[in-house]
Amino acid sequence: MRRMLSVAAVLVAAGVAFAQGGPEGTYTVKAASVGGKELPAEVLATMSEVRLTATEFVVVQTSGKEEKTTIKLDAKAMAIDMLPADKTGKTRLGLYKVENGELTLAIGLADGKRPADFKGGDGIKLMVLTKKK
């Protein structure tokens, strides 16, 4: 019984630590590029906010339209997997990092390829998001 309580306490503590330093939250889009090309300011301006939970990535347009993507987060590997909404496409693999209130995402556009870093470039969508307070 004590062992079960100890394990439960460790899991709760790990969950609290992940929530405090993890990527979940509401963000504004600071910068984004696709294939090494910066998205124009007028495109960024159409994105009101981005919400990230443990299971969902939601881009909210200024029109109010929401684009939802189911995700899987791996806090240990700092990895994010974005599952296709229509169930017919391929899962897009990526990395994330949280530093100084900013979330940086590098998502591979090619099927089954996870970026090795946050440099962006060909075949990678890069987003830098600033956490809302």
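The model is predicted, so local features need pLDDT of at least 70 and side-chain atom pairs count only at pLDDT 80 or more, while totals for chains, interfaces and linings use all residues. Residues are numbered from 1 along each chain as its sequence is written, and side-chain values use heavy atoms, leaving out hydrogens and water.

The chain has two helices and nine strands (DSSP runs, numbered from the N terminus: helices are H or I of at least four residues, strands E of at least two). Along the sequence the pattern is α-β-β-α-β-β-β-β-β-β-β. Of the 133 residues, 31% are buried (under 20% relative accessible area, with a 1.4 Å probe and protein chains only).

Next comes the core. The largest nonpolar core has 18 residues (a set of buried Ala, Val, Leu, Ile, Met, Phe, Trp, Tyr and Cys residues joined through side-chain atoms within 4.5 Å). V29, F57, L105 and L129 have the most contacts inside it (contact means heavy atoms within 4.5 Å). Strands that each supply at least two residues of this core include β1 (25-34), β4 (56-61) and β9 (124-131). Nonpolar side chains tend to be buried together in soluble globular proteins.

Now take β4. Five of its six residues are buried, so β4 is largely enclosed by the rest of the structure. β3 and β4 pair in the antiparallel sense over five bridges (pairing needs at least two DSSP bridges between two strands). Here E49 stands opposite V60 in β4. Five bridges also join β4 to β5 (residues 66-74), again antiparallel. V58 stands opposite K68 in β5. Four residues lie between the strands of the β4 and β5 hairpin, where G64 takes a positive phi near 100°.

Methods: Buried means under 20% relative accessible area, exposed over 50%, partly exposed in between (1.4 Å probe, protein chains only).
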